[in-house]
Amino acid sequence: MDLPNARSHRLRGCALASLAYLAATALSVWLLKDVIADAPTSLRAVVSLLPLVPIAYAIREVLRLVRANDELQRRIDLEALATAALVVGLACLSLGFLVSAQVFEIKGGTVLVWMFPALSITYLLARIRAQRHYR
Amino acid sequence: MNNRLRELRAAQQWSQAELAERLEVSRQTVNAIETGKYDPSLPLAFAIARLFGQPIEMIFDPDA
């Protein structure tokens, strides 16, 4: 498979995985709240981790995408990942300071759940920016 | 770093996409090298030199 085809194939896989993630999250929340609210902890744990299946697939597709990339695309990925890690890290640090100062309260679980989507969205935005730089 | 990639490609009457295919990189990479926004790695510079049958220093000028 040539470079543009390999890229679009992998990106399609990531988009499908994202849709599957949304569906799995909705299903998991519905089951936990309405169907198995009083079920044993082990079953609740398994159901709560359902959304990880499509995420694991998306991670595999992203890794294959990076491996299929040429050196400039890899540099763009590296710049985007570094930007995303720093921006999300800084946001978490800021939230940590604000929560410590009791400006407002956030549950730890909420922060953890939003970490991966925040990283993904920031990475995509940073990638678009880096891509434009080399255009 | 300046280079003569655009000139050499034009001499062969290749499009950026054709050159990219021969070098197994993306068209964006060829464009970024031609416009001086990206300096290729040593293996890619060697591949370019081999493709055009010229020494690397005849294509890339690190002093410019």
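What is the average pLDDT of chain B, and what share of the residues score at least 70? Chain B averages a pLDDT of 94, and 98% of the residues score at least 70, where pLDDT is the predictor's confidence in each residue, from 0 to 100.

The model is predicted: local features need pLDDT of at least 70, side-chain atom pairs count only at pLDDT 80 or more, and totals for chains, interfaces and linings use all residues. Residues are numbered from 1 along each chain as its sequence is written, while chains are lettered from A and ligands numbered from 1 in the order in which they are written.

**Confidence**

For chain A the mean pLDDT is 88, with 97% of its residues reaching 70 or more. For the complex, the predictor gives an ipTM of 0.86 and a pTM of 0.78. Where pLDDT is low, predicted coordinates should not be read in detail.

**The two chains**

The table sets out values for each chain. Residues are called buried if 20 or more other C-beta atoms lie within 10 Å of their own, exposed if 12 or fewer, and partly exposed in between, with C-beta atoms placed from the backbone.

| Chain | Span of the C-alpha trace along principal axes | Buried residues |
|---|---|---|
| Chain A | about 55 × 40 × 20 Å | 10% of the 135 residues |
| Chain B | about 30 × 25 × 20 Å | 27% of the 64 residues |

Helices (H or I, at least four residues) and strands (E, at least two) are DSSP runs, numbered from the N terminus. Chain A has five helices and zero strands, and its elements therefore read α-α-α-α-α from the N terminus on. The radius of gyration of chain A, 18 Å, is well over the 14 Å that the globule rule gives for 135 residues, so chain A is more spread out than a compact globule. This radius is taken over C-alpha atoms, and the globule rule is 2.2 Å times the number of residues to the power 0.38. Chain A is divided into domain 1 (1-69) and domain 2 (70-135), with bounds that come from an automatic or database domain assignment. The centres of domain 1 and domain 2 of chain A, taken over C-alpha atoms, are separated by 20 Å.

Chain B contains five helices and two strands, in the order β-α-α-α-α-α-β from the N terminus on. A compact globule of 64 residues would have a radius of gyration near 11 Å, and the 10 Å of chain B agrees with this.

Two residues are in contact if their C-beta atoms, placed from the backbone, lie within 7 Å. Among contacts between residues at least 6 apart in sequence, 70% in chain A join residues at least 24 apart; in chain B the corresponding figure is 51%.

**The interface and the nonpolar core**

Seven residues of chain A are in contact with nine residues of chain B. Helix α4 (residues 71-100) of chain A gives the most to the side of chain A that touches chain B, with three residues. By class, that side of chain A has three nonpolar, one polar and three charged residues. Here Ala, Val, Leu, Ile, Met, Phe, Trp, Tyr, Cys and Pro count as nonpolar, Asp, Glu, Lys and Arg as charged, and the others, Gly among them, as polar.

A nonpolar core is a set of buried Ala, Val, Leu, Ile, Met, Phe, Trp, Tyr and Cys residues joined through C-beta atoms within 7 Å. The largest such core has 17 residues, and A:A80, A:A126, B:V30 and B:I33 have the most contacts inside it. At least two residues of this core are supplied by each of α4 and α5 (108-133) of chain A and α1 (5-12), α2 (16-23) and α3 (27-34) of chain B. The largest share, four residues, comes from α4(A).

Helix α4 of chain A also holds A:A82. With 13 other C-beta atoms within 10 Å, A:A82 is partly exposed. The C-alpha atoms of A:A82 and A:V99, 17 residues apart along the chain, are separated by 26 Å.

**Helix α3 of chain B**

Why is α3(B) described as largely enclosed by the rest of the structure? Six of its eight residues are buried, namely B:Q28, B:T29, B:V30, B:N31, B:A32 and B:I33. These buried residues pack against α4 of chain A together with β1 (2-3), α1 and α2 of chain B. Leaving aside neighbours within four places in sequence, B:V30 is in contact with B:Q16, B:L19, B:A20 and B:V25. Just after α3(B), B:G36 takes a positive phi of about 80°.
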